[in-house]
Amino acid sequence: MKKDDIENIYSELEAFSKAPPEELWDNIEARLHPKKKKRRVFFIWGSAAAILVMCLGYVFTNSLEHSGKPAIEVSDIEQPKSENIIEGLEERDNKVVNGVKVINEDTLVEGEKVIKESLNHLANQKQSIDRSKSLNTNENQKDVVNNNKKLEQKEERKKDIYGKKGSYENEASDANRYAQTVLKENVTDKQENNANIKEVSGFIRKNKSVTNSSEEKLVASIDSIAKVKDDSLLDLSEELVAENKNDSIITTKVAGLKWSVEVLGGLANTASESSIQNTSVNTTSQNNFVYTLKVGYALSDRLVVKSGIGKNVLGQEINNIIYTGADTSLSVGDSQNIVNNQNILFLVSEESINDVSSFVEFTNEGTLQQQFDYIQVPLEFSYNVLRAQKFDISLGVGGNVNFLTNNRAYLDDEEIGESVGANAKIFGATMNSNISYSLAKKTILFFEPSYNYFEKPIDNDNQAFKNTQLRVLLGLRYKF
Amino acid sequence: MDKELRILIQKCVENDREGQRELYTLLSPALYGICLKYMKNKTEADDVFQDAFIILFQKIGQYKFEGSFEGWAKRIFVNEALEVLRKKQRRLHVAMESSNLNSCIEDEISESDLVVSHSRLLMHIQQLPDNYRMVFNLYVFEGYSHKAIADRLKIAAGTSKSLLSRAKSVLRTKINEELNEKVS
């Protein structure tokens with residue numbers, strides 16, 4: 001064949017074309033339009049889980065909030081300096097009486113301020129309610145909810161005022177009369193709101209009828225769409241085949257994911273076994289909100305090692321503990337204080353109670369709460385024992401190191417200082433189970449109940465206790 | 001430009017599934033032909049074809065409605081094929097490779113009365129070593145000059161000339177052998 005002939009053959013091939021196999025378009029289309037539905041589902045579930053975790057956190061954190069009022073300073077009471085203990089005690093009793101008077105006067109002045117603030121607040125609320133009345137009827141629904149909230153706040157204020165009324169009766173009589181007037185106005189407002197609620201109920205009934213008719217129309221249009229879809233059943237099945245192919249590719253990729261990151265939070269119920277001055281004490285368990293961020297690495301198909309950082313709260317609540325205002329320089333048997341407040345001495349053992357009763361005429365009984373906040377660093381191994389299509393169950397064991405960040409003690413809900421002898425670093429052990437649900441290919445919602453043990457948050461000559469903790473956590477895991 | 005093609009392109013810019021399907025139907029035979037010419041076998045051609053079409057749909061918004069759209073699309077496919085071959089060469093560190101693999105196109109050849117069928121010629125081109133095939137395709141089918149090929153493939157213009165000459169020589173030998181077999 002001549003050279004020119006070959007060149008001609010080449011030029012014929014220049015316009016060479018050939019129809020590609022049909023499946024190539026399916027692959028291209030699947031890559032151009034990846035499924036978005038599951039992302040939406042993930043977004044909805046993820047948001048729901050995040051909101052749930054935040055709500056739990058808020059509820060449990062809020063339930064533990066203390067009044068924040070300063071502790072009543074017993075330090076105002078001067079301690080006896082006389083060598084004669086009996087004389088000293090008499091002198092001190094007189095000063096105690098004087099000291100209490102001074103405290104009462106200060107408290108009354110403070111109470112007067114509180115009432116004035118309450119009244120100002122109520123007056124402001126009244127003005128805002130008046131403004132809300134002037135809004136148009138479309139906003140009535142919102143106003144009803146807001147006004148009801150305001151009324152609830154007013155009711156709470158009212159309770160506060162009545163609670164304090166007994167103590168501040170003389171000073172606050174004028175203020176109370178004004179408060180009663182405002183309360184009467186509140187009742188009137190409430191009646192108006194009830195009328196608004198009736199109006200809103202009417203709207204809701206109308207909306208329901210509209211919704212029902214919309215539903216009927218929707219069902220009719222779905223039927224018509226289904227009919228059209230029947231005609232193109234072949235196309236649909238082809239699309240599904242393409243999707244399944246992609247799924248298998250993605251599943252293979254997911255199976256190869258080694259790393260995971262998870263955020264979890266929830267309730268921790270902490271119980272304690274405690275002794276003070278070598279005597280067991282009666283304690284109540286406490287609830288706290290805890291949270292953790294963990295990173296996991298899959299050592300094998302079923303075994304995962306995890307570590308991370310989180311917040312942990314331990315402590316105890318001791319009921320009916322006897323205490324007295326005392327000079328700790330006085331020798332009270334072997335008793336040292338368990339809280340770093342020099343003016344309160346806790347008495348638990350019979351020996352210490354007898355010793356103190358020989359020179360102190362009065363003692364009090366209260367509830368002592370000791371709370372310790374930690375940064376927790378866990379190390380856990382989790383083994384997958386059951387694997388279904390969407391659900392997984394794993395069992396885990398591990399340990400953790402807890403670094404003390406905050407140490408507080410409360411007597412009858414008033415902060416009195418820090419617990420003495422708290423360990424800056426404690427170790428714990430954990431056993432957990434993890435029930436997972438796959439929201440998307442890489443995103444998993446899980447529920448993790450666990451049992452934890454912590455060794456000696458406090459260890460000194462006077463007090464020792466051990467904590468056990470039952471956790472119920474909810475979390476999200478992302479694999480990558 | 002054809003008004004219908006303009007509308008089709010606009011639909012693709014808006015990521016419209018039906019528009020994409022229509023454009024694919026319109027262009028895919030010619031573009032698939034390019035992939036078959038540049039790549040060693042059907043599997044490689046399929047991969048390049050899919051990847052290049054994804055690039056085409058992703059970049060279609062960049063087309064300014066200046067010049068031939070088919071030419072614009074063709075350049076994407078040629079570039080993608082060259083890129084894949086370049087990566088392959090780098091990976092294997094092989095400048096020249098023998099092509100013992102049979103092309104799948106061979107299976108589809110029907111024994112016709114044509115002296116040298118397109119499919120047969122395509123098979124011979126596919127059996128060329130990668131660097132021969134690249135230079136041959138760019139020079140013969142795309143109309144590149146040796147200087148342009150040298151710039152594109154980052155080789156010397158002399159090397160391009162040499163590779164083209166060898167490619168043509170190999171093809172000529174194969175075609176002559178084939179014809180001689182038929183005559184005998």
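In what order do the elements of chain B run from the N terminus on? They run α-α-α-α-α-α-α-α-α. This is a predicted model, in which local features need pLDDT of at least 70, side-chain atom pairs count only at pLDDT 80 or more, and totals for chains, interfaces and linings use all residues. Residues are numbered from 1 along each chain as its sequence is written, while chains are lettered from A and ligands numbered from 1 in the order in which they are written.

**First stop: chain B**

Please select chain B, which has nine helices and zero strands. Helices (H or I, at least four residues) and strands (E, at least two) are DSSP runs, numbered from the N terminus. Of the 184 residues in chain B, 33% are buried. A residue is buried if 20 or more other C-beta atoms lie within 10 Å of its own, exposed if 12 or fewer, and partly exposed in between, with C-beta atoms placed from the backbone.

Next, select residues 3–13 of chain B, which form helix H1, and then residues 17–38, which form helix H2. The axes of H1(B) and H2(B) come within 8 Å and cross at roughly 130°. Axes here are lines fitted to C-alpha atoms, for helices over the stretch in contact, and angles run from 0 to 180 degrees between N-to-C directions. The two helices, H1(B) and H2(B), are therefore oblique to each other; angles under 35 degrees count as roughly parallel, over 145 as roughly antiparallel, 65 to 115 as roughly perpendicular and the rest as oblique.

Which residues of H1(B) meet H2(B)? They are B:Leu8, B:Lys11 and B:Cys12, and their counterparts in H2(B) are B:Gly19, B:Gln20, B:Glu22 and B:Leu23.

**Second stop: where the chains touch**

Display both chains together. The contact takes 27 residues from chain B and 19 residues from chain A; two residues are in contact if their C-beta atoms, placed from the backbone, lie within 7 Å. On the side of chain B that touches chain A, H2(B) gives the most, with ten residues.

Now select chain A, whose secondary structure comes to eight helices and twelve strands. Of its 480 residues, 23% count as buried.

Highlight strand S1 (residues 259–276) of chain A. With S4(A), S1(A) pairs in the antiparallel sense over twelve bridges; two strands pair if DSSP finds at least two bridges between them. Along this pairing, A:Asn269 stands opposite A:Asn287 in S4(A). Strand S12 (residues 463–479) of chain A also pairs with S1(A) in the antiparallel sense, over 17 bridges. There, A:Ile276 has A:Gln463 as its bridge partner in S12(A).

S1(A) also forms a hairpin with S2(A), with two residues between them. In the turn, A:Gln277 has a positive phi of about 50°.

**Last stop: A:Tyr297**

Finally, select A:Tyr297, which is placed in strand S4 (residues 286–298) of chain A. Is A:Tyr297 buried or exposed? A:Tyr297 is exposed, because 12 other C-beta atoms lie within 10 Å. Leaving aside residues up to four places away in sequence, A:Tyr297 touches A:Lys258, A:Trp259, A:Val304 and A:Val305. A:Lys258 is 39 residues from A:Tyr297 in sequence, and the two are 5.6 Å apart in space, C-alpha to C-alpha.
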